[in-house]
Amino acid sequence: MGSPRSPLLTRVTFSAPASDGGTLPATRSPRAVPLLVVAVYDAADLSHADVRLVDVSSGVVVARLGGLSSGGHLGAAGGLVCLVSAKATVRVIDPATGAATNVVGAAAPGDTAPAHNGRRARPPLHVFGHVPATGEYKVLRISAAAAAAPGQSQSQSCEILTIGDREPQRWRPAQGPPAPVAAAAYRSKAVSRGVAHFLLLPPPPHHGATECDAVASFDLGAEAWRPCLLRGPLSSSGRAGDAFRAHLSLAELDGFLAAAHHDYRGGCVDVWQLTDLEQGAWSRTHSVRLASVLRGWGGAPPDEPGRRGRLVAGGREWLAQPLAVLDDGRVALWVEGTGSLRVYDPKTGACTEVADMGRFSSLIGLSTAAIE
């Protein structure tokens, strides 16, 4: 992309209160750990949020990127943060310098999907990623057409945008996915080594079955979907059993695609790493006890664990999203529904809560920006 030295960039104001206010001074040396990008919503007005960068190892707020209004989409890749507004303006922020620029100022044709038989399509979804081979940053937009009738398969179309110095910037048509993908929740997608991966939407009744952990992959460099679905770790090892999509999540860990499976009856969260994309080979790297990272799991497992996808129910927390493996081997996790940032030590089995962002918070991504 155009570097922060571009004359189009303007400064973003960071707040850096004194150390007793819970944030690091702006003059701190560059960070060596990943930074969590999280939106914390105003409980009195959920249409506005404060976007913060948080040290995943300590929970300290390093910087604030300002406010976010409702209807926007955020993403993080490499050292940059991307905001797509409700009017399709793409704004890229470099937290290391505070520089930002508007890349696209006009709505693309698919931004307002027409209604079909009185049923309006959902707003488009956006995924921000980095292509290591070229150094480019790209935004993939997935739009869903309104289904003609309940139970009908949902069709999706795609456009792509390259963040760079070329003017004017325009969305370009891209190939549609081989099967409808889930992209609304952070945990249903992940970008690794220039490839964006997505869990699939559950198929309508009587439309055939797909493996619950199947993954569709979009190569950002080639700007095309990989022709075959990637078999997930459970189906690849014959362990799919009665797992549900609500029990699964995707993440990028140590530069690899990772899949987390919440085995509620077994009382653990298994984390698998994709070691070979071409061969579809997975290796289990962690098995974390539920009772170590989630509250309310001291007793027997429930009869129907998490089938309905509730994040906090029956006094139990239900989903811990892996975020990063730290240099010392500890694993940072985000607990959805409560907004807790916790760090698990596989050597001791101990888990420490380092930050509580509150239940009115939303995970956005990770940044490798060096905040000074």
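Predicted model: local features only at pLDDT ≥ 70, side-chain atom pairs only at ≥ 80, totals over all residues.
Residues are numbered from 1 along each chain as its sequence is written.

Start with the chain. It has two helices and 29 strands; these are DSSP runs (helices H or I, at least four residues; strands E, at least two), numbered from the N terminus. Of its 372 residues, 48% count as buried, meaning under 20% relative accessible area with a 1.4 Å probe, protein chains only. The chain exposes about 17000 Å², and carbon and sulfur atoms supply 51% of that area. The areas come from the Shrake-Rupley method with a 1.4 Å probe.

Four strands form it, in the order 19-20-21-22, with antiparallel pairing. Strands pair if DSSP finds at least two bridges between them. Strand 19 (248-253) and strand 22 (281-289) are the edges, each pairing on one side only. Inside the sheet, strand 20 (residues 256-263) meets strand 21 (residues 268-276) over six antiparallel bridges. There, A259 has W272 of strand 21 as its bridge partner.

Move on to strand 25 (residues 320-325). Six of its six residues are buried. Strand 25 pairs with strand 26 (residues 331-335) in the antiparallel sense, over five bridges. A320 stands opposite V335 in strand 26. The hairpin of strand 25 and strand 26 has five residues between the strands, and G329 takes a positive phi near 90° in this hairpin.

Methods. Heavy atoms only, no water. Buried < 20%, exposed > 50% of the residue type's maximum accessible area, 1.4 Å probe, protein only.
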